[in-house]
Amino acid sequence: MAARQSSGITGAGFSFYPRGASLCRLLARTPSIVARTPSIAVAWAGIGAWEETETNRVDHQSPSSWRSIIGQSVAAGHRVLPEPEGKQVLQHFGIPVPAGTADRDVVKAASDISGPLVLKAVSPTLVHKSDAGGVRVGLSAAELAEAAQLMSAALAEQGHQVDRFLVEEKADPGHEVVVGAVRTPGVGWVVMLGLGGVFVEVLADVAFGMAPLRTDQITAMLDELRGLPILQGARGAGPADLDALVTVVERLAGPDGLLAALPPEVVELDLNPVIVNPAGAVAVDARFVLGSPSAEHRSAVALNDDLSALYQPQTIAVLGASAKGTNGANRYIRGLRAGGYTGRIVPIHPTAEAIEGIPAARTMADVRDVVDYAFVALPSGAVAEALQAPAGQLRFAQVISSGFGEVSDGTEMERQLVEAMRAQKTRLIGPNCLGTHSSRGRFSFVPEAPLEPGGVAVVSQSGGLSVDILRLGAARGLAFHSLTSIGNAADLGPAEIVDFLLGAQEVSVIGLYLESLGHARSVLDRLAEHSCVKPIVLLAGGRTSEGSRAASSHTGALAGNHRLWPAFARQAGMVLTDSLDEFVNVLLAFDTADLTQPYTNSDGVLFGNGGGASVLAADSLAHHGLRVPVLSPDTVAQIEDLGLPPGNGLFNPIDTPAPTLGVNGGAVAGDILSIVLDAMTPAVVITHLNVGIIHRNLSQTHGDVTGAIIGSIGRVRAETGPASLHYLVLKGDGKSDVDELIRSYVQLARSAGLPVYGSVEDAARAAQVVLEFRKRASHAARPNPGQLAELGR
């Protein structure tokens, strides 16, 4: 792009200035020109002639000038803001655009710029200029008049009246990048960044983020693009100025950027393309889409309630139990007793003297003590009245009942319930959920609940999935702090609960199952304000178009664009999982890892039986970003000195058939790993055992070899410290007796601090997420040893 120092002001239009220039500053330095040219900024006055009057002049020295430009287009009912005005708005926020002038007279428009030139038609009905033939590129000044005449005629045949033309200097060659933003209900501005052309149209090589965006978050979006090497200068091309591109996105979507200042009538914005080359980045096209304002994103209201009483209530009221039969509320009371709940249980019933042998109260108001938690299983229409209590008497009410906001007929009833509860200072959980599980509180909504206290806390929009998480998690060795089923989350939402859990010293890892993008946004906002560092694992429902529809019907939540979930996870620093199994596996990895350890390497050691299995295991580690380094000759020689039977592969993977594993009844496994860990400190050691083969071949002659191996690995782990992760993979043979053995080995491994996985692929994924967390913690400025010490176990 040619450098230009002149003011660029013409008689009947306004000019755009080279990169780095500010229209407001230039006008401030030329007040005499402004005085001589009242039409310096032409107002878009309607589908007709341009009004060049003092009344419609926009004062470029006033911060409100760009707002006036948008306001006049909105008042005129336009679908898009004209490109000249749009680029003026961009300039106000420091986003570079090509030098150019908008005018009816193309010759006059080109008088102050040098070619090659770009000619663009400006019309209130012309939305997609290129598709309609409203753009010509590479013209000389002498070609402009004829090109404009032909363009006007061609567009007129399509029903477009050209009011004027925008003539710009052609941007220097570079890479085309798409930068866009759209308002999403419940979420706010969603920003898209990607390479243009075939990359966005065919390959969908784009990344998303939620405004406001920090510089590091924009860089993370760039890192997500498969085409990033092209911008970095792949195949001999000069590298583009990525810092300039990041600056464009920051001025658009940063905390003080354009998006934060736009009026609600601007619903979409496209800078397509932004040309990026070694000299900088320039937005050569700008499209502001106007429309009816939608509901803006609002972060969850921080009521700053202490949630301790929710998880360790001293008094629990139960509403909905039967005095004559058995229903869910009756079973809940029985579960409280069976689980060892030591607080007071108060059934609420309008006529019964006692429920399940426990004295009942007729109403909540009749309960003399403060009720920390109420479990409510009543018909939806009876809930509000049944929960009436003096202000401050009832702290938390969890409404299991459905028929509220998840269906259209219940929306107003849900709103009224929330208002009534807030008026009496009661926090509402649900409705349309299953309950809360608290291991330390000794209560749960699940019969025969796993109540061993642990550090895993889960918040789930789905009640049924909550049961699966508890059952599967307990089977895999998880010990839970809590699980909160929030359903519609009409009042107490995941953001407030996460905020509490981040500050709870007994919580080591947080799991979220969410179906609503709005709730995800609230969690994102809360995490941005929080100083505590804990891993958060996300399982998102509605990540496909079909799943989005199912989620909407499930909780009544706006599931929205399923492509946004990865962006939420990346921006919030969460681990996004694809299935319930992976969700539980990753929770287990974090719960058993010492997260105070720094990131040092990505080396993995594989030890186990099965030659082909070892090869596939090495592939799995490589797939998840882990290396399998060859052991040194000295280390291999020390292992050989143990006097092992023949047929071993000792270079890593360490492939040891069943006869070798049977040496010393299985204790040889600890001897081998001790030698390896004396020589190196890998990031992870994965021991994979085919329990069926070991059991069938060795149990009668060598005893419980698998149990001995697990015990020896546990001792090695204790002796060598927590720097290396130790994972077990136990595989069966499809027979029930081996499956039962594996279940007992999971418990044995758990007592030794060893997580167990069903495949090396699962173990490699677990190692990957823990190492990525350690890497982020090591590189981030925010974490400090005091914060991370809370996570040590």
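Student: In which loop is the place of Pro431?

Tutor: Pro431 is placed in the loop between β19 (427-429) and β20 (436-438), where such labels come from DSSP runs numbered from the N terminus, helices being H or I of at least four residues and strands E of at least two. This is a predicted model, in which local features need pLDDT of at least 70 and side-chain atom pairs count only at pLDDT 80 or more, whereas totals for chains, interfaces and linings use all residues. Residues are numbered from 1 along each chain as its sequence is written, and side-chain values use heavy atoms, with hydrogens and water left out.

Student: What is the peptide bond from Gly430 to Pro431, and which residues does the bond with omega of about 5° join?

Tutor: The bond from Gly430 to Pro431 is cis, with omega near -5°. A cis bond with omega of about 5° joins Asn652 and Pro653, and Pro653 is found in the loop between α24 (633-640) and β27 (654-655).

Student: How many helices and strands does the chain have, and what share of its 793 residues is buried?

Tutor: The chain has 31 helices and 30 strands. Buried residues account for 55% of the 793; buried means under 20% relative accessible area, exposed over 50%, and partly exposed in between, for a 1.4 Å probe and protein chains only. Among contacts in the chain with a separation of 6 or more, 72% are between residues 24 or more positions apart, a contact being heavy atoms within 4.5 Å.

Student: Is Asp372 buried or exposed, and with which side chain does its own side chain make a polar contact?

Tutor: Asp372, placed in strand β17 (residues 371-376), is buried, with a relative accessible area of 6%. Its side chain makes a polar contact with the side chain of Arg395 at 3.0 Å; a polar contact is a pair of N or O atoms within 3.5 Å, of which, within protein, one must be able to donate a hydrogen and the other to accept it, and residues adjacent in sequence count only if both atoms are side-chain atoms. Leaving aside residues up to four places away in sequence, Asp372 touches Ala309, Pro313, Gln314, Thr315, Arg395 and Phe396.

Student: What is phi of Glu448, and what is phi of Asn664?

Tutor: Glu448 has a positive phi of about 50° although it is not a glycine, and phi of Asn664, again a residue other than glycine, is positive and near 55°. Glu448 lies in the loop between β20 and β21 (456-460) and counts as exposed at 78% relative accessibility. Asn664 lies in the loop between α25 (658-661) and α26 (668-679), and it is exposed, with a relative accessible area of 57%.

Student: At what angle do helix α17 and helix α22 pack?

Tutor: The angle runs from 0 to 180 degrees between N-to-C directions, with axes as lines fitted to C-alpha atoms, for helices over the stretch in contact. Helix α17 (residues 463-476) and helix α22 (residues 580-592) pack at about 50°, with their axes 10 Å apart. This makes α17 oblique to α22, since angles under 35 degrees count as roughly parallel, over 145 as roughly antiparallel, 65 to 115 as roughly perpendicular and the rest as oblique. The crossing of α17 and α22 is right-handed, meaning that the near helix is turned clockwise from the far one by less than a right angle, anticlockwise being left-handed. In α17, Leu465, Asp468, Ile469, Leu472, Gly473 and Arg476 meet Leu580, Asp581, Phe583, Val584, Asn585 and Leu588 of α22. By class, that contact of α17 with α22 has 7 nonpolar, 2 polar and 3 charged residues, with Ala, Val, Leu, Ile, Met, Phe, Trp, Tyr, Cys and Pro taken as nonpolar, Asp, Glu, Lys and Arg as charged, and the others, Gly among them, as polar.

Student: At what angle do the axes of helix α19 and helix α21 cross?

Tutor: The axes of α19 (residues 517-529) and α21 (residues 564-572) come within 10 Å and cross at roughly 15°, which makes α19 roughly parallel to α21. The crossing of α19 past α21 is left-handed. The contact is formed by Leu517, Ala520, Arg521, Leu524 and Leu527 of α19 with Leu564, Trp565, Phe568, Gln571 and Ala572 of α21. In this contact of α19 with α21 there are 8 nonpolar, 1 polar and 1 charged residues.
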